[in-house]
Amino acid sequence: MLPTKRAAGPEDDHAGEPKRAKVGESPAAGNGSTNGAAPEIDEDLHSRQLAVYGRETMRRLFASDVLVSGLNGLGAEIAKNLALAGVKSVTLHDVKNVEMWDLSANFFLSEKDIGKNRATACVAKLQELNSAVLISALTEELSTEHLSNFQAVVFTDIGLDKAYEFDDYCHSHCPPISFIKAEVCGLFGSVFCDFGPEFTVLDVDGEDPHTGIIASISNDNPAMVSCVDDERLEFQDGDLVVFSEVQGMTDLNDGKPRKVKNARPFSFSIEEDTTKCGMYTKGGIVMQVKEPKVLRFKALRDAMRDPGDFLVSDFSKFERSPMLHLAFQALDKFKQEYGRYPAPGCEQDAQSLLQCAADINEALLDHKLDQIDEKLFRHFASGSRAVLNPMAAMFGGIVGQEVVKACSGKFHPLYQFFYFDSVESLPTYPLNHEDLKPSNSCYDAQISVFGSKLQQKLEEANIFVVGSGALGCEFLKNLALMGVSCSLKGKLTITDDDVIEKSNLSRQFLFRDWNIGQAKSTVAASAATAINPNLRIDALQNRACPDTESVFHDTFWEGLDVVINALDNVNARMYMDMRCLYFQKPLLESGTLGAKCNTQMVIPHLTENYGASRDPPEKQAPMCTVHSFPHNIDHCLTWARSEFEGLLEKTPGEVNSFMSNPAQYAAAMRKAGDAQARELLERVSECLGKERCSLFEDCITWARLKFEDYFSNRVKQLTFTFPEDAATSMGAPFWSAPKRFPHPLKFSVADPSHISFIMSASILRADSFGIAIPDWAKNTSKLADAVNKVVVPEFEPKKGVSIVTDEKATSLSSASIDDITVIDNLLAKLEEYAKRLPPGFQMKPIQFEKDDDTNFHMDLISGFANMRARNYSIPEVDKLKAKFIAGRIIPAIATSTAMATGLVCLELYKVIAGGHPVEDYRNTFANLALPLFSMAEPVPPKVMKHQGMSWTVWDRWSIKGNVTLAEFLQWFSDKGLSAYSVSYGTSLLYSNMFARHKDRLNKKVVDVAREISKVDVPEYRRHLDVVAACEDDDGNDIDIPLVSVYFR
């Protein structure tokens, strides 16, 4: 996809009092900076966040002051997310003191803090998350004058009258102050946003502009634009697009946005009369223009009377939002009248709340409800005082993201009310008043909603959390606060084989900079124990995979109550899904990608498993496109990383293999005897022969000649072989879209990008040869003098050179009948080269490391990619963007992670309580950028049927006894099935196609498995799992469950 650059907003360079930047403008220089310059962005720390927001948004955040009022669990979550995001300052406001009740959801607090001011008690621990953010406490009653110091203010514990007063002030302030009111009441939550009478959204979704490569444009009114079928177009009717590089119909290259009509997968129309334009000949790129959007927010008092459309998250509760809009107003009236929240399980208080609701509803004119849901209101009243941790985590993610939007104009704000409930999380059994009574414990708020019976189940649960990164840290915090595995009968096992890196610290909030290099699971477990000392946690550093099944053995799995995935790759998720299926364990799955997150509940016998539905694999560019015909920067960066690894990791590795044991290496190459072996030897021979470096000057020569080879000579050869007017065998132009005709580069020491390439390439080459790097190597002037001394041979293109153009080709190496002879000659050369090398000579293979900006790795890769992009007239990218693509960095932010884990933990209540039907569970997809929340019941598992039997993927058939293979087959025959193939792992135990397999029929199944697979069944396992392929009497294949033979 072709990149675009958004013009920066205006800067205010005036001296004097720092001025708050308006949304849509860059922050005033000096705001958030001590020297008048824009604050530096620590790209090592914020790389994953930069991939979501970009530099301009990050700069706006760095200049933003935010107030969070109300340090209950929700306030703590919001403050945590803002500190990780990196705003300039977070001021914590609260006039209340810490109670035991607060410990249910505020992870910054402990029993030692009881009696202290809530805001003051949180400052030190919040400051640890990000030393660059100024954290302070405000403990006096708030006035409107206080609010003028902030770009955004958030209230989590405020009455409506005071909220009206503060919002009126913020709404009318110049410039407006973004106002957010959020509240969590048990399993119910609400958010209201008011960003002022006129708020500009600079980027509504955060996605890169959609692009297309043009194949043809008609001379019509309206004109039809067709694009190559390389990728589906993402344009929608009404989008604005601009054209560039169009040949023939050049009138379209004027930069004027044109509106899309009749958008289809590979074509669209534009509102343009092209009948008088020139005839389209070739070329052209079409790109979406993303325009700012202006939103006009209502003040809270107006929006409360006329709320407009609510943001709906669950369409099975489509009518719920108006009901909750009334419920939260009724709660505010109840608190005004009684000075407290309704008591848990108190019918009298519930009736009083209902009366408040009825009075308010009766006074409404335009939005009066026909009927009030009394059962829902009773649930709402009973748990209204509790701030549950999962709800706080979910809403903390949502509100934290809204603050980022308010401060930066990045992403579309919530407009304006959002209500949510998870009453399905309540136990299916009735709760009595006695069960909801507090016990003066840190779980009292949770007990007031779910009762002590479920609390005991949570404390006795045996949980397996797989992964201790961003998701894992959030899960551990949530589980500790919920009291999961916090009794002597409970246990929480967490495993992760990774160590902490600096880039983790912007999201994985249990880690600190002094933990860098330490094991993630150990540090996270220690931090979670600090949140709740009763947590019984076992931290392991094992990857959950087939190789560690002796660690995570059958007994371990059989003792689990639930598995929570906190993984970052599909293969690991598929493995865990397979194990949960096998052991019949619930799997709570989640994932994030930038501002997006999803959750999936995998519940035995109720839902389909994770592997039942998978996203299609990402489309890979053909090898010939990457190597010879790139048409976007992704192709250039893929090629650049491949060349980096080939030159600096694989070739030095091959050199070392040869030098370590020349005879063995030569024998392996001769045995292979193919084009790949020949190509490897050519690389090694070049490296130790004509390209061998002894001095740093040799490395400069090598870098300069590589520049000439890659960006001049190869292009000259390509355009000689395929001239601009070349045609295919079918007579069509060879250089038709998406191919771009390249042009060779002429090296110049006056071009900074050329010198930068030479610098990074020569330094890394010297590193691989163990050559000392002189101080002047990083001096561009002295480096230029050295480069000017390099003699560059003239290049003449050759006839008959083969260049791969087949998009299905998987290798650029072409086989030859002379491969063996060439290999022998190359090995002979290598033996000669080896004699000239010092004893014990070894090179240093350099493994690509994207997160160290001082190692020149990304300098070289971005240099490779941008020079190649310049060859093909493809827009270039800066080093940061190159890092995202070449380093395959997954965009990540704390807010979406927090939301995902909160949603999963709401489902955990259901799993631990048991007895919930599939209708109670929820899978979620959310995009905080839009914002979009989509919740739905999980899909039930597919049911297979045969002769009165039925089963799903969750079922497993068991055969008791140490049966023979013949008895095994008869067992199926008795069910009307013919087992024609039986396998164990990768070993085929029986097939009716092979006559010799009949000799195995009288042997025990377990003995056949041992004999064929050459693997014994572990002592701890009493059964053998085999896969049988079956058909019915009509020859139809029947997909049956896994079969376990219990031979012990």
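In helix α26, which spans residues 879–886, the buried residues are L880, A882, K883, F884 and A886; buried here means under 20% relative accessible area, exposed over 50% and partly exposed in between, with a 1.4 Å probe and protein chains only. The elements that cover these buried residues of α26 include α1 (43–62), α18 (633–660) and α25, where contact means heavy atoms within 4.5 Å. Helices (H or I, at least four residues) and strands (E, at least two) are DSSP runs, numbered from the N terminus. After α26 comes R888, which has a positive phi near 50°.

The model is predicted, so local features need pLDDT of at least 70 and side-chain atom pairs count only at pLDDT 80 or more, while totals for chains, interfaces and linings use all residues. Residues are numbered from 1 along each chain as its sequence is written, and side-chain values use heavy atoms, with hydrogens and water left out.

## Helix α3 and its cap

Helix α3 covers residues 118–129, and its buried residues are R118, A119, A121, C122, V123, L126 and L129. Among the elements that cover them are α2 (73–85), β2 (89–93) and β3 (134–138).

The N-terminal end of α3 is capped by N117, which has a side-chain oxygen 2.8 Å from the backbone nitrogen of A119. A polar contact of this kind is a pair of N or O atoms within 3.5 Å; within protein, one must be able to donate a hydrogen and the other to accept it, and residues adjacent in sequence count only if both atoms are side-chain atoms.

## Salt bridges

The structure holds 68 salt bridges, each defined as a side-chain nitrogen of Lys or Arg within 4 Å of a carboxyl oxygen of Asp or Glu. One of them joins K80 and E77, with the closest N and O atoms 3.0 Å apart; the two residues are 3 residues apart in helix α2, and therefore separated by about one helical turn. K80 counts as buried because its relative accessibility is 0%, and E77 counts as buried because its relative accessibility is 0%.

K298 and D306 also meet through their side chains, at 3.2 Å from N to O, but K298 is partly exposed at 31% relative accessibility, and D306 is partly exposed with a relative accessible area of 37%. A further bridge is formed by E347 and R378, the closest N and O atoms being 3.0 Å apart. Because E347 lies in helix α8 (residues 347–363) and R378 in helix α9 (residues 374–382), this pair ties together parts that are 31 residues apart in sequence. E347 is partly exposed at 39% relative accessibility, and R378 is partly exposed at 28%. Salt bridges with shared partners also join D314, K317, R320, D421, E424 and R922 into one network.

D239 is found in the loop between β9 (223–227) and β10 (240–244). D239 is buried yet has no salt bridge, and the nearest side chain of opposite charge, that of K290, is 9.7 Å away; Lys and Arg count as positive and Asp and Glu as negative, while His and the chain ends are not counted.

A polar atom of the D239 side chain does, however, lie 2.9 Å from the backbone nitrogen of Q236. When neighbours within four places in sequence are left aside, the contacts of D239 are E234, R258, K259, V260 and Q288.

## Aromatic pairs and charges over rings

The structure holds 56 aromatic pairs. Rings of Phe, Tyr and Trp (its six-membered ring) pair if their centres lie within 6.5 Å, and planes under 30 degrees apart count as stacked, over 60 as edge-to-face and the rest as tilted. F769 and F841 form a tilted pair, with 6.4 Å centre to centre and 45° between the planes. This pair links distant parts of the chain, with F769 in helix α22 (residues 752–769) and F841 in the loop between α24 (819–835) and α25 (857–871), 72 residues apart, and both F769 and F841 are buried.

Ring pairs also link F155, F166, F179, F188, F192, F310, F328, F380, F417 and Y419 into a cluster. Elsewhere, the charged end of K975 sits over the ring of W971, 4.4 Å from its centre, and the charged end of R996 sits over the ring of F994, 5.3 Å from its centre. A charge sits over a ring if NZ of Lys or CZ of Arg is within 6 Å of the ring centre and within 35 degrees of the ring normal.
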